Amino acid sequence: TMSMSSYLMWALREIALPLPLGIIVSAVTERLIRRSRSFARLRNNAIKLSVACICVSCFSYNLLFLVGVIIGTAIQPVGLTGGIATGKSTVSSLLQQESSSDKEDSFVIIDVDGIAHDILLPNKLGSDSVYNQLVAEFGKGILSTEEKGTISPIIDRRKLGDIVFRDVQKRRKLNSITHPKIIKIMLKRILLEGLNLNSSLSGTTTKHQRRAVCVDIPLLFEGGLPMRLLFGTIIVVACKPDLQLERLHKRNPDLTLEQCRQRIASQIPVEKKAARAHYVIQNDEDLKSLKCQVQVTKANVAEKVSSKQHRGVELAWVVFGLMAAHWLKTHTILLDMELLHVFIRSIY
């Protein structure tokens, strides 16, 4: 009989560890092979074969590890961020436009601002809504007075913003309520889009087998180290500070210049974000210039994330092949031993 400690060790090794380790190993391997070097395809296949050999020697043919590898390969989102009023929405819409039919340059965009807006609504996301929590925390003064015919008046984001942008503690409280829900929904959508499950569930098909999943997330760097680790490739949309202030005031004419400055100051300066990015799109000129930059960046990112030219064989297939070979070898040896035993018994 198996002791409790032995059982726990077995459960840890065979059930608890394989899935998360598969995700981590696959995600890290994907990040390694994104670096463009000479003989990229050969080098990437060699890396994957080495990683697969080590993993299979540790986990034999554990299917949970294989599932983790598949998920880790799928969860490779591109982060699109920048400062407020720098032009992220415009860049996001440009990235969604397919530039050609014969290239793997398809981008699917997950809008975190849209998620943040949806969770404020009282009846849209069910248990993921933070409507009641925010009303309880900040009072009914944040509710809109315009929708008189509705059962539950919606939260006025402008009123809520006026409260939290003036008080750091209240802004932290708001973030502690909203961020966990936003991250949960974002990760779910990244997984669905990465595995292309949304198309499968809706019955639609896409001509691209592999797409770049891009998350439009304004506060990527403000989210700390976990957020930066989630996104292997980060694109920052930047512009000059005076132009940023001018655009924000023009977009929101009901805000004073001081209120605009408060909103900009609540975020990490765009210059610091650009210094940490893999790609920077400088949105200081006209739309034509912006489109040219987006096309160049899009081609470079798509080649690393979705192109098969340099990525080589999928890690999941390498792991599966080695697991199958290990399983066949083990069972063939056992079968040969049984046949040998029967042969010896028949002689004697």
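Select Thr-29 and the residues around it: leaving aside neighbours within four places in sequence, Thr-29 is in contact (heavy atoms within 4.5 Å) with Ile-47, Lys-48, Val-51 and Leu-315. The model on screen is predicted, so local features need pLDDT of at least 70 and side-chain atom pairs count only at pLDDT 80 or more, while totals for chains, interfaces and linings use all residues. Residues are numbered from 1 along each chain as its sequence is written, and side-chain values use heavy atoms, with hydrogens and water left out.

Stay on Thr-29 and colour its helix, which is helix 2 (residues 18–32); helices here are DSSP runs of H or I with at least four residues, strands are runs of E with at least two, and both are numbered from the N terminus. Thr-29 counts as buried because its relative accessible area is 4%, where buried means under 20%, exposed over 50% and partly exposed in between, with a 1.4 Å probe and protein chains only. A distance drawn from the C-alpha of Thr-29 to that of Lys-48 reads 7.2 Å, although the two are 19 residues apart in sequence. The side chain of Thr-29 also reaches the backbone oxygen of Val-25, at 2.7 Å.

Next, select strand 4 (residues 233–238), in which 6 of the 6 residues are buried. Thr-233, Ile-235 and Val-237 point one way from this strand, whereas Ile-234, Val-236 and Ala-238 point the other way. In a regular strand the side chains alternate between the two faces of the sheet.

Strand 1 (residues 78–82) pairs with strand 4 in the parallel sense over 5 bridges, and Val-237 of strand 4 is the bridge partner of Gly-82. Strand 5 (residues 279–282) pairs with strand 4 in the parallel sense as well, over 4 bridges, and here Ile-235 stands opposite Tyr-279.

Move on to helix 15 (residues 287–305), whose 19 residues reach 26 Å from first C-alpha to last, close to the 27 Å expected at 1.5 Å a residue; the expected span is 1.5 Å times one less than the number of residues. Its buried residues include Leu-290, Val-294, Thr-297, Lys-298 and Val-301.

Finish at Val-168, in helix 9 (residues 168–194). Val-168 counts as partly exposed because its relative accessibility is 41%, and its C-alpha lies 8.7 Å from that of Ser-266, 98 residues apart along the chain.

Terms used:
A polar contact is a pair of N or O atoms within 3.5 Å; within protein, one must be able to donate a hydrogen and the other to accept it, and residues adjacent in sequence count only if both atoms are side-chain atoms. Two strands pair if DSSP finds at least two bridges between them.
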